[in-house]
Amino acid sequence: MLANKTIVLGVTGSIAAYKAADIASKLAQAGAKVEVVMTESATKFITPLTLRSITSRPVVTDMFESTTEFSIEHVALAEAADVLVIAPATANIIAKVAAGIADDMLSCTVLATKAPIIVAPAMESNMFQNPITQENLVKLKARDFTIVEPGYGRLASGKVGLGRIAEVERIIGTIKQVLGRSKDLAGKRIVVTAGGTQEPIDPVRHLGNRSSGKMGYAIAEAARDRGAAVSLITAPVSLPEPVGIDVVPVKTAAGMKEAVDKVAAQADVLIMAAAVADYQPKTVAESKIKKETTSLTLELVRTPDILAEIKGNFLRVGFAAESEDIVANARQKLERKQLNLIVANDITDPTGGFGSDTNKVTLIDRDGKVESLPLITKREVADKILDKVVGLLNKGARVL
Ligand code: CTP
């Protein structure tokens, strides 16, 4: 997604300027062409040589120091940019851009570009919270700038407060999200479920399963990168919260059903990658169950089948975790749950599935087409599923 994209990285004079090196390095490693534009004060915090070495491209520092071509340089960069990112962005550049002032290379490029612009503020917390800065940010948002909100943390002054530049992963995630806007899922609403539900036994125990959530998270991120508005309804997992996705945390099958019923009503596609418990304890003990007896019997009752019960005019994609007769069993599920597509995986295959970063799946659609994929990363599986989804959406397929 970042490969061969031209990313203009504007760096301004903040103590967080050193983070620009990490951002530039990650973008360059992902195959992007990174064009760095530094303000004069940024060069006091990090040398142009550092960024030049990382990006293997000349770094533009000041239009008046450039060669005779200086006057067209900002125009060339502005036109070449697929996205322009200002990270870190000081209160000063934010104010300049909000006021439409163009008096250095970076502000000229901002004004001259038609590319989407991302701003990652970094400053002292009083400066960030000052109504003037906040009003400037509101102005930028109204002009379709994407703001990567800063977080709490230790600031240059040694104080702890709001104003610390967002994590590099967050900034990169936002770049991907913005680049994905024009992709084949632009304008579509996709609901993805992920993780294994937890059915409580008592206040400290639950029945769970080994789902890591990685497959569902990969689908949600891939859909976001292809331009969809994504809601991720997730059972507890230990994965970082994805950027640019509406995350709805749930615990139980019943909680997931409630969230899916609500969110999917407006969706174009529902992808149920979650491992939903089929049974839950009939009653939940109010206090911790003591080990007073030599054996204990838990009575379990069926949970709702979210996918089979949901109504609505959206595409449905289900998963089938199977240990035998994979295709036949998955086909039955496709019919029983009235799905457009089912993703079957062989849980006995040690190279893929639960907890792993890879998966080996077979895609089966309603026309009976069976496509067995090799062992690939979950992100690649996610894109294969979404390729099918795009094809079905283009055909106007729906199950009512
Ligand atoms: N699913 C669901 N609600 C449930 C159980 C499963 O919505 N209570 C969804 C899963 O998210 C998945 C699909 O149904 O997309 C199939 O899940 P799977 O566990 O393979 O099948 P089950 O219907 O539970 O059937 P079985 O366990 O008997 O194979």
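From which domains does the lining of the second largest pocket draw at least three residues each? The lining draws them from domain 1 (6-179) and domain 2 (184-394); the domain bounds come from an automatic or database domain assignment.

The model is predicted, so local features need pLDDT of at least 70 and side-chain atom pairs count only at pLDDT 80 or more, while totals for chains, interfaces and linings use all residues. Residues are numbered from 1 along each chain as its sequence is written, and side-chain values use heavy atoms, with hydrogens and water left out.

**View 1. The second largest pocket.** This pocket has a volume of about 550 Å³. Of its 19 lining residues, E169, E221, R224, P240 and P242 are the closest to its centre. The elements giving two or more residues to the lining are α9 (168-179) and α10, and α10 gives the most, with 6 residues. By class, the lining has 7 nonpolar, 1 polar and 11 charged residues. (A pocket is an open set of points on a 1 Å grid over the protein atoms alone, where a 1.4 Å probe fits, with protein on both sides within 12 Å along at least five of seven lines; lining residues have an atom within 4 Å of a point. Grid points are joined across faces, edges and corners, and a volume is the space filled by probe spheres set on the points. Ala, Val, Leu, Ile, Met, Phe, Trp, Tyr, Cys and Pro count as nonpolar, Asp, Glu, Lys and Arg as charged, and the others, Gly among them, as polar. Helices are DSSP runs of H or I with at least four residues, strands are runs of E with at least two, and both are numbered from the N terminus.)

**View 2. The two domains.** The centres of domain 1 and domain 2, taken over C-alpha atoms, are separated by 38 Å. In domain 1, 5 residues are in contact with 4 residues of domain 2 (contact means heavy atoms within 4.5 Å).

**View 3. The largest pocket.** The volume of the largest pocket is about 970 Å³. It is lined by 38 residues, and A274, A275, V276, D278 and A321 lie nearest its centre. Two or more lining residues come from each of α10 (214-225), α12 (306-309), β16 (315-322) and α13 (326-336). The lining divides into 17 nonpolar, 13 polar and 8 charged residues.

**View 4. Helix α13.** I326, A330, K333 and L334 are the buried residues of α13 (buried means under 20% relative accessible area, exposed over 50%, and partly exposed in between, with a 1.4 Å probe and protein chains only). Seen down the helix axis, these buried residues fall within an arc of 105 degrees, so they line one face of α13; the arc is that of the directions from the axis to the C-beta atoms. They pack against β16, β17 (341-346) and β19 (361-365). Q332 and R336 are exposed on the other side of α13.

**View 5. Backbone details.** Most residues other than glycine have a negative phi, and most peptide bonds are trans. D325, in the loop between β16 and α13, has a positive phi of about 40 degrees although it is not a glycine. At 57% relative accessibility, D325 is exposed. Q338 lies in the loop between α13 and β17 and has a positive phi of about 50 degrees. With a relative accessible area of 36%, Q338 is partly exposed. A cis peptide bond, with omega about -5 degrees, joins A87 and P88; P88 is in strand β3 (residues 83-89).
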